[in-house]
Amino acid sequence: MTALFWIPLLTTIGAFVPLFTRGKPRSLCAAITAFLPAVSLLLLLLHAPAVFEGETLIERFQWVPSIGLEIAFRLDGYALLFSLLILCIGLLIILYARYYLAAHEDMGRFYAYLVLFMTAMLGIVLSENLLQLWLFWELTSISSFLLISFWSHKSEARKGARMALTVTGMGGLALLAGFVLIAKTIGSYDLSDVLANADLIKESGNYTTILLLILLGAFTKSAQFPFHFWLPHAMAAPTPVSAYLHSATMVKAGIFLLGRFYPALSGTELWFYLVTFTGLATLLVGAYMALFKHDLKGLLAYSTISHLGLIVLLLGLNSDLAAVAAIFHIINHATFKASLFMAAGIIDHETGSRDMRQLNGLWKYMPHTASLAIVAALSMAGVPLLNGFISKEMFFAETVVQNSLGALSWTIPVLATVGATFSVAYSLRFIHDVFFNGEPRNLPKTPHEPPRYMKLPVEILVALCLILGIAPAWVVSGLLTSASAGLLQGAVPEFSLSLWHGLNMPLLMSIIALSAGAFIYYNRERLFAFQAQFPPRDAKLEFERILQQLINGCNTLYARLETGSLQHYILLLLMLSVVVAGLPLLSLTDTTEQQANLPIDNLTLTGAVLLTLASVVTVVWHRSRMIALIGASVVGLIVSLLFARFSAPDLALTQLAVEVVTVILLMLALFFLPQKTPKESPPARVVRDMGISAIFGGLMATIVYAMMTRPLESISDYFIANAKTGGGGTNIVNVILVDFRGFDTWGEITVLGIAGLGIYKLILSMRLYMPSTDSNGRPWNPDVHPVMLSTISQALLPLALLVSAYIFLRGHNLPGGGFIAGLVTAVAIILQYIANGVQFMKERAGINYQALIGSGLLIATLTGLGSWLFGRPFLTSWFDYFSWPLVGKFELASALLFDLGVYLTVIGATLLILANLGKLTTPERAQMEEER
Amino acid sequence: MEMLVAFIIGVLTTCGVFLVLRGRTFPVVVGLTLLGYAVNLFIFASGGLVLDGAAVLKQGLEIPDPLPQALVLTAIVIGFAMIAFAVILAMRARADLGNDHVDGQLPEPPKNPRRTVVGKL
């Protein structure tokens, strides 16, 4: 019998149900909301018998197995206990909230949040996979944020919710880190593996870190000192939320986690010190502070903190019996605290106030509620015949038997008694101040009993307190045993749940606590006066202040980085790249040659000197833009010569052709841009930029040198071996482009085409001022198209086209190919534009360059697709040799067709850019604006 | 020779980066061109330097690594498209914004531009 996943799944669906009940009568809304969780509870109970027999039910579904993430549920006694608490108390809260919320409030939204939270909690306690557990853990933080801030019109609700989210969310991140470390240590995210490999974890070097991270997660969630401050501020939530979150669920998630990992992490000294003392501090701080809270819910909040401390303290003692006592107190605390919160909610609801200085003598007005609340409060105080007494006795007994602190072991029971004393005092205050002690003062409403069914959940819980207190062994020992077995993952020690253990130390401690508590409460005025001397501290303000400082710090940093200046961004980017590229070089100790250097010859040296000079000229005269452009073009020419020198004729040709096109483009652009750059960089900036660029250049040179002097392992041998036999060409570079890596080239020309079209669109809608003179005020030469140039260029065109056709056709076997031929053709046509003007060209050759790009891409694509007809993959090439009379033997290759596509696209893109930019200087401009 | 090529690439990078850091668009474009040369040479150099090698498959001559050459060939063409795009964008920016500063506005006299985003609750 499995199908565990239905339990959380039903509540997940249930979280959406209330959204559809908006506008329906409130009781119907509550009933519909309660339906699916109730079914969940039934399912859970169906599984209960197996669990009581000691079975651990586990169910798995694969999700992302590669990172160890699967959906896996686990139900053992420990999980069963928590699931029962979550579902049972959750259902009572649904009933209670129906009466608590006012008619105008959005009940559907409230219930949706509540059930979502319920799902998250169920997910935590039922998870077998750690990552999944963490996911639900975060979900509780988020859904509790929504619940706490339900009254979002109140500033304190928003602030309280944000604080809770920040603190528990931060803990959640620590928890995730802890889980990842655990998985790294034992190699699995399965809880079963974690529990089975406890020794592996404890012996590993990561143990301390894992423990700290997981405790951080648990302590933030369970509001342990010093993270306890968020809990009182979460009281801004509607009371049903407080009753649910702070009795049975949210804060118990941390406790659950401690218990869940108890077998894996406990039993060490570190665990004892960290957990016990955190618990003890929390117990004392909570109990002491609770006494001074005038707000009813504030008192309960601090009391919750104190009781959580007590449970944590018990878990820290490294004793199995103490763990059993902790579980028992979890049950007891859930029952009496939930009922107390609900009673406080009733009082708030019916009187309009929660201030104990106003609320007095309510016994007369609401005796029924009062008696319920008094019983619950007495249970909290640990008075006999109530469940709080029994777990408190167990707690005392455990503190007495431990001797972990050697000769100082007595301090723990003494401090525990002190904590219990204050617990008695604040419980008495709750009872006496609210229900007796004179008459109500200035209450907004006249108090009266609440609706019948609003009290029902409180009655059920208080009845439980009584039953558990009088006949604990009879009611709860089965559940307690199975839960303890689940927690300890082993044999459960003998424990005795009975009211009377004879006259012993724990009983004496209880008597001391009760009488001292009564004494303190009787003399409370003095204590109040003493406490009043301290300056009031508001954790909310402190928290907000720290948060604000953090935000300010971030803003300052943000303002530094995010200045809105591109110049600044590029500087930051460059500096980062210097660091990223430079750091690995530090560990590269050896840049000296591991391969023989080629000798330097005079020709190359001359080229290098010229290149250096040209670069320096470009930089030094960069403010005279024309000179800079000339400098850059000289650099480009020498680079193309360098390619030729180092046996790369294809590159040399390409570079040369591109150089021509680039220079024409930049000159055209310069026509519209200022001819000079103003001097505006302050000297400091010039020096800084020089430094950065010199470092950058130095790094680059180092990397290049290191790269070139190391033995070369290239993958090119394959291309060299197969160029002729597989690709049918001897020009390996061209064969790579159109055949081996044809798909890359195909993408490449597509990008080229897109860039051309993008530029065309930019040019179309450009409105530029056209200067009628040069920068010195001289008018342009009226002879726009010199006859000489015009004549020569026209004669040159067929020649140039012939050359480009030749370059194109021979490309597969000799330097050349579609790219270079395309550029040569483009240059030839641009020359016509320059020499004869746009109008001339338009009359004679109205080429549509967009169509040219399109057809080029189409040809290339179709060539690629063509291979599908022959059942081959995209762009498979074919070639064969033919022999014709006169022509002789020649080769035909499908790659040639592909190269034609490249050729056309290159011409189209280049001319689309240049011709259209050129048109801007002519009367054609007006027509372009019309076309737009 | 390797040292010389490394030096050339270093010089080109230095000059390119310096110009890229300028405030006006045209020097930045020229700087990008220089950087483009440097990067192309860099990729080319990764295949090692071969003097008087075979331009095409031929017996008896050392064949230079063709793969970086193929990469650089397309890089040169794409580089042109990029420079063209950058310069047209620069022109367009000048047309639309009225100045040719890379930030789209002329630099003001230095003052601390402090933006505050106050967390609102």
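A residue counts as buried when its relative accessible area is under 20%. Keep that cut-off in mind as we walk through this predicted model, beginning with a pair of charged side chains.

A:Glu544 and A:Arg162 are both buried. Their side chains meet in a salt bridge, with N and O 2.9 Å apart. A:Glu544 sits in helix α24 (residues 539-561) of chain A and A:Arg162 in helix α6 of chain A, so this pair ties together parts that are 382 residues apart in sequence. Helix α6 of chain A covers residues 155-186, and A:Ser155 lies in that helix. A:Ser155 counts as partly exposed because its relative accessibility is 34%. From A:Ser155 to A:Ala236 is 81 residues in sequence, and their C-alpha atoms are 9.3 Å apart in space.

The structure has 26 salt bridges over all chains, so let us visit some others. A:Asp295 and A:Arg354 meet through their side chains at 3.0 Å, N to O. A:Asp295 belongs to the loop between α14 and α15 of chain A, and A:Arg354 to the loop between α16 and α17 of chain A, so the bridge ties together parts 59 residues apart in sequence. A:Asp295 is partly exposed, at 27% relative accessible area, and A:Arg354 is partly exposed too, at 21%.

Which residue of chain B forms a salt bridge with A:Arg645? The partner is B:Asp52, and the closest N and O atoms are 3.9 Å apart. This pair crosses between chains, running from helix α27 (residues 625-645) of chain A to the loop between α2 and α3 of chain B. A:Arg645 is partly exposed at 22% relative accessibility, whereas B:Asp52 is exposed at 58%. Elsewhere, salt bridges with shared partners link A:Arg60, A:Glu70, A:Arg74, A:Asp76, A:Glu128, A:Asp190 and A:Arg260 into one network.

Now for helix packing. Helix α3 (residues 77-100) and helix α12 (residues 250-260), both of chain A, pack at about 170° with axes 11 Å apart. Angles over 145 degrees count as roughly antiparallel, so α3(A) is roughly antiparallel to α12(A). Among the residues making the contact are A:Tyr78 and A:Phe82 of α3(A), and A:Phe256 and A:Arg260 of α12(A). By class, the contact has five nonpolar, one polar and two charged residues.

Our last stop is a pair of strands. Strands β3 (residues 879-884) and β4 (residues 888-893) of chain A pair in the antiparallel sense over six bridges. Within this pair, A:Phe882 stands opposite A:Phe890 of β4(A). The two strands form a hairpin with three residues between them, and A:Leu886 in the turn has a positive phi of about 75°.

Notes:
Residues numbered from 1 in each chain as written. Chains lettered and ligands numbered in written order. Predicted model: local features only at pLDDT ≥ 70, side-chain atom pairs only at ≥ 80, totals over all residues. Heavy atoms only, no water. Helix = DSSP H or I, 4+ residues; strand = E, 2+ residues; numbered from the N terminus. Buried < 20%, exposed > 50% of the residue type's maximum accessible area, 1.4 Å probe, protein only. Pairing = 2+ DSSP bridges. Axes fitted to C-alpha atoms, helices over the stretch in contact; angles between N-to-C directions. Parallel < 35°, antiparallel > 145°, perpendicular 65-115°, else oblique. Contact = heavy atoms within 4.5 Å. Nonpolar A, V, L, I, M, F, W, Y, C, P; charged D, E, K, R; others polar. Salt bridge = Lys/Arg side-chain N within 4 Å of Asp/Glu carboxyl O.
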